[in-house]
Amino acid sequence: MKRNELAELSAFATVAEERSFTRAAIRLGVSPSALSHSMRGLEKNLGIQLLARTTRSVSATSAGTALLAELSPALERINLAVAETRKQREKPAGRIRLIIPRAAIDLVLMPKLTRFVRNFPDITLEVTNSSDPVDLVAGEFDAGIQIGEFIHRDMIAVPVTKELRLAIVGSPAYFESNPVPQRPADLKIHSCVGFRFRNRVYRWEFEKGRTAVTVSPQGPVSFDESDLVAQAVLSGIGIGAVLEESVKELILKGKLKQVLQDWCPVFPGFFLYYPSRRNQPGALAALIDTLRLKDKSS
């Protein structure tokens, strides 16, 4: 189909229905002369006359009538599809594909999922669990959630948590037979449970005053999911680095012992990110509004 041909075919159907260039032009919001010129162009491109014209009336030719019989149902389906798409902005509906780390599922999504589903029953949320940042467009995702520092600068990013902090933790059983580290350098004698990020074991970053230290954890096992790191630490395998917020209850109950607190700085938390604000689907806008970190005053 050539450029503008669909618009010309729609205009032809309107002229045939109204049997008048003047009335059809009023419906379409164009001048009668422009509409007549457009119809002559359509007929030229198709190589056949579609409209019979006299000084008093316009009617479809036999070829025009045959075309109209096939065209009208197709145009009706297109108009219905366009109307349904526009309704999604007024009443959010449709599918959202979201990629999100497991830690963010627990901290960000699950606490608000029930409210989101209740408020937007016509939205289907498809969640993929991955800790690694991805190309949303290439992966055909509508949005992702990730730690702020790992989001590409060409993305729109909306905060969904406050600042976060790593917690260096071990089980009470582990510390019964191993000394409690007082500074990051002490970790070299400990069994450390690693977290793999982008196919590499994540290096633990510490900071105290003007001193910054990075430690590469050495130990018997590493995982690509932070909750598995926590489970391994709970079993007494060794020391692990996890998000403080995700294990605060275990720390309060005494099931995990936190160490090196004064060496663990805060950092920007999780952000929901997506490619562009332009013509944002209503379903995505609803998800953003639900998960966005709200001020206490709001």
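## The loop between α1 and α2

Arg19 lies in the loop between α1 and α2. Please keep in mind as you read that this is a predicted model. The phi angle of Arg19 is near 55 degrees, a positive value in a residue other than glycine. With a relative accessibility of 48%, Arg19 counts as partly exposed.

Ser20 is found in that loop too, between α1 (5-18) and α2 (21-28). Here the relative accessibility is 12%, and because buried means under 20%, Ser20 counts as buried. What does Ser20 touch, leaving aside its neighbours within four places in sequence? Ser20 is in contact with Val15 and Val58.

Let us move on to helix α3, which covers residues 32-46.

Which residues of α3 are buried? They are Leu35, Ser36, Ser38, Met39, Leu42 and Glu43. Looking down the axis of α3, you would find these buried residues within an arc of 160 degrees, so they line one face of the helix. The cover over them includes α1, α2 and β1 (51-53).

On the face of α3 turned away from the buried side sit the exposed residues Ser33, His37 and Lys44. Just after the helix comes Gly47, which takes a positive phi of about 75 degrees.

## The largest pocket

The largest pocket holds about 510 Å³ of space. Its lining is made of 27 residues, and those nearest its centre are Ile147, Leu166, Tyr202, Leu243 and Phe267. Several elements give two or more residues to this lining: α5 (102-119), β5, β8 (192-197), β10 (204-208), β13 (239-243) and β15 (266-267).

Which element gives the most to this lining? That is β10, with four residues. Sorted by class, the lining of the largest pocket has 19 nonpolar, three polar and five charged residues.

## The second largest pocket

About 150 Å³ of space lies in the second largest pocket. The residues around it are Ser10, Ala13, Thr14, Ser72, Leu75, Glu76 and Asn79.

The largest share comes from α4, which supplies four residues. By class, the lining of the second largest pocket divides into two nonpolar, four polar and one charged.

## A cavity inside the structure

How many cavities of 30 Å³ or more does a search of the whole structure find? The search finds one. The space in this largest cavity is about 30 Å³.

Around the cavity you will find Ile99, Ile100, Pro101, Ser130, Asp132, Pro133, Ile145, Gln146 and Tyr273. Strands β3 (94-100) and β5 (143-147) each supply at least two residues of this lining. The lining residues comprise six nonpolar, two polar and one charged.

## Phe116 in helix α5

Helix α5 was named above among the elements lining the largest pocket, and Phe116 has its place in this helix. Is Phe116 buried or exposed? Its relative accessible area is 4%, so Phe116 is buried.

Leaving aside neighbours within four places in sequence, Phe116 is in contact with Ile123, Leu125, Ala286, Leu287 and Thr290.

One last stop is Glu140, whose place is in the loop between α6 (136-139) and β5. Glu140 has a positive phi of about 60 degrees although it is not a glycine.

Is Glu140 buried or exposed? At 60% relative accessibility, Glu140 counts as exposed, because the cut-off for exposed is over 50%. Arg19, by contrast, counts as partly exposed at 48%, while its phi is also positive, near 55 degrees.

Key. Residues are numbered from 1 along each chain as its sequence is written. This is a predicted model: local features need pLDDT of at least 70, side-chain atom pairs count only at pLDDT 80 or more; totals for chains, interfaces and linings use all residues. Side-chain values use heavy atoms; hydrogens and water are left out. On a 1 Å grid over the protein atoms alone, a cavity is a set of points where a 1.4 Å probe fits but cannot get out, and a pocket is an open set with protein on both sides within 12 Å along at least five of seven lines; lining residues have an atom within 4 Å of a point. Grid points are joined across faces, edges and corners, and a volume is the space filled by probe spheres set on the points. Ala, Val, Leu, Ile, Met, Phe, Trp, Tyr, Cys and Pro count as nonpolar, Asp, Glu, Lys and Arg as charged, and the others, Gly among them, as polar. Buried means under 20% relative accessible area, exposed over 50%, partly exposed in between (1.4 Å probe, protein chains only). Contact means heavy atoms within 4.5 Å. The expected span of a helix is 1.5 Å times one less than its number of residues. The arc is that of the directions from the helix axis to the C-beta atoms.
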